Amino acid sequence: MARRRRAEVRQLLPDLVYQDVLVSATINRIMEDGKKNLASRIFYGAMSIVQDRTGQEPLKVYKQAFDNIKPRVEVRSRRVGGSTYQVPVEVSVRRAQSLTLRWMKSAVDGRPERTAVERLAAEILDAAQGRGGAIKKKDDVERMAEANRAYAHYRW
């Protein structure tokens with residue numbers, strides 16, 4: 001347990017192009033070694049590829065992909081009497097966003113395309129259609145929660 005006060009949640013400013021906080025969070029997750037300008041170029045480059053390939057508004061496609069990846073339930077370990085149970089719990093909005101961005105980043109890093117822009121665009125397009133590495137991770141987590149539904153009464 002944490003002995004200090006709970007960390008306060010910092011509010012993100014919306015990005016400059018789409019005026020969206022979710023885009024800012026995504027750019028921050030893509031960013032490595034503090035290179036935010038490079039992360040922004042990767043994201044906006046991927047959005048232009050998404051627009052070219054679909055002909056739709058890229059932010060709408062991105063939000064569809066984000067909603068497809070977002071988990072509804074997950075398992076948390078709960079120790080009861082000497083045994084540890086995997087208890088399914090609903091995911092809070094903040095944690096769902098964090099998990100979604102984390103899974104998307106790891107799926108993008110594992111893709112075979114040559115550049116980061118192409119990898120991100122391909123993962124967004126796959127996730128919008130209900131496939132891809134991040135969707136597989138979400139399905140695995142939700143399948144695990146479904147398998148352990150018998151322990152739901154240990155929820156705290």
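Accessible areas come from the Shrake-Rupley method with a 1.4 Å probe.

**Figure 1. Overall architecture of the predicted model.** The structure is a predicted model, and the protein exposes about 10400 Å². The fold comprises 6 helices and 2 strands, which follow one another along the sequence in the pattern α-α-α-β-β-α-α-α. Along the principal axes, the C-alpha trace extends over about 55 × 35 × 25 Å. The protein has 156 residues, of which 38% count as buried. Where contacting residues are at least 6 apart in sequence, 62% of the contacts join residues at least 24 apart.

**Figure 2. Packing of helix H4 against helix H5.** Two packed helices are described by the angle between their axes and the distance between the axes. Helix H4 covers residues 93-109 and helix H5 covers residues 116-128. Their axes lie 9 Å apart and form an angle of about 125°. The crossing of H4 past H5 is right-handed.

**Figure 3. Residues at the contact of H4 with H5.** From H4, the contact is made by Met104, Ala107 and Val108. H5 contributes Arg119, Leu120 and Glu123. By class, the contact residues comprise 4 nonpolar and 2 charged, with no polar residue.

**Figure 4. Backbone at Gln19, in the segment before helix H1.** Gln19 precedes helix H1, which spans residues 21-30. Although Gln19 is not a glycine, its phi is positive, at about 55°. The relative accessible area of Gln19 is 54%, and Gln19 therefore counts as exposed, the cut-off being over 50%.

**Figure 5. Backbone at Asp33, in the loop between H1 and H2.** Asp33 is placed in the loop that links H1 to helix H2, the latter formed by residues 36-54. Its phi is near 60°, a positive value in a residue other than glycine. With a relative accessible area of 76%, Asp33 is exposed, because this value is over 50%.

Note on methods. Residues numbered from 1 in each chain as written. Predicted model: local features only at pLDDT ≥ 70, side-chain atom pairs only at ≥ 80, totals over all residues. Heavy atoms only, no water. Axes fitted to C-alpha atoms, helices over the stretch in contact; angles between N-to-C directions. Helix = DSSP H or I, 4+ residues; strand = E, 2+ residues; numbered from the N terminus. Left-handed = near helix turned anticlockwise from the far one by under 90°. Contact = heavy atoms within 4.5 Å. Nonpolar A, V, L, I, M, F, W, Y, C, P; charged D, E, K, R; others polar. Buried < 20%, exposed > 50% of the residue type's maximum accessible area, 1.4 Å probe, protein only.
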